[in-house]
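These are my notebook entries on one protein structure. I record what I looked up, item by item.

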Amino acid sequence: MSSNRPYLVRAIHEWISDNNLTPYLLVDAAWPGVAVPPQAAKDGRVVLNIAPRAVAGLELGKDWIRFNARFGGVSQRVEVPVGAVLAIYAQENGQGMMFPAEDAPPSPPPAGSDSEAPAKKGGHLRVIK
């Protein structure tokens, strides 16, 4: 069964926005694939304002949250795997939802390393008569 986290993030985001509040994400900055400016992280976490007035091109996808935001006056692309989201809440009153920490997926080995497994050919399906 797929994770319910991306669906809950989208629902809480909509609820916060519909109530004219400011949606914030709390993200595990050490999670593999998290792309945020290093200066934005504190104690291994980063808080991101994802209100429409603060970001451009917000995508709340099944696997990734992506948008452009300004950090120190410089526009940067932010990418967050949904598994790295620890909470989504309204900045004004703290209402929202926290998520249990998940185990981070293993990082893929660097390209060209000896530990890369050869690609499998074909599937494991067979014809049954």
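This is a predicted model: local features need pLDDT of at least 70, side-chain atom pairs count only at pLDDT 80 or more; totals for chains, interfaces and linings use all residues.

**Entry 1: the core.** Which residues of the largest nonpolar core touch the most other members? I looked this up and found Leu25, Leu48 and Ile65, in a core of 25 residues. I then asked where the members of this core come from. At least two residues each are supplied by H1, strand S1 (23–28), strand S2 (45–49), strand S3 (55–60), strand S4 (64–71), strand S5 (74–81) and strand S6 (85–90). S4 gives the largest share of this core, 4 residues.

**Entry 2: Leu25.** I next listed the contacts of Leu25, leaving aside its neighbours within four places in sequence. Leu25 is in contact with Val9, with Val46, Val47, Leu48 and Ile50, with Ile65, and with Val85, Ala87 and Ile88.

**Entry 3: the chain as a whole.** I counted the elements and recorded 1 helix and 7 strands in the protein chain. Along the sequence, I read their pattern as α-β-β-β-β-β-β-β. The protein chain has 129 residues, and 29% of them count as buried. I also looked up contacts between residues at least 6 apart in sequence; 52% of these join residues at least 24 apart.

**Entry 4: the largest pocket.** I recorded a volume of about 170 Å³ for the largest pocket. Its lining consists of Ser2, Ser3, Arg5, Pro6, Tyr7, Trp31, Lys62, Asp63, Pro81, Val82, Gly83 and Glu102. Sorted by class, the lining has 5 nonpolar, 3 polar and 4 charged residues. Helix H1 (residues 5–18) contributes the largest share of the lining, 3 residues.

**Entry 5: Arg5.** Is Arg5, one of the lining residues, buried or exposed? Arg5 counts as buried because its relative accessibility is 3%, and buried means under 20%. I placed Arg5 in helix H1. Leaving aside its neighbours within four places in sequence, I found Arg5 in contact with Val82, Gly83, Val85, Phe99, Pro100 and Glu102. Val82, Gly83 and Glu102 are also among the residues that line the largest pocket.

**Entry 6: summary.** I close with two points. Leu25 is one of the residues that touch the most other members of the largest nonpolar core. Arg5 lines the largest pocket and counts as buried.

Definitions and conventions. Residues are numbered from 1 along each chain as its sequence is written. Side-chain values use heavy atoms; hydrogens and water are left out. On a 1 Å grid over the protein atoms alone, a cavity is a set of points where a 1.4 Å probe fits but cannot get out, and a pocket is an open set with protein on both sides within 12 Å along at least five of seven lines; lining residues have an atom within 4 Å of a point. Grid points are joined across faces, edges and corners, and a volume is the space filled by probe spheres set on the points. Ala, Val, Leu, Ile, Met, Phe, Trp, Tyr, Cys and Pro count as nonpolar, Asp, Glu, Lys and Arg as charged, and the others, Gly among them, as polar. Buried means under 20% relative accessible area, exposed over 50%, partly exposed in between (1.4 Å probe, protein chains only). Contact means heavy atoms within 4.5 Å. A nonpolar core is a set of buried Ala, Val, Leu, Ile, Met, Phe, Trp, Tyr and Cys residues joined through side-chain atoms within 4.5 Å.
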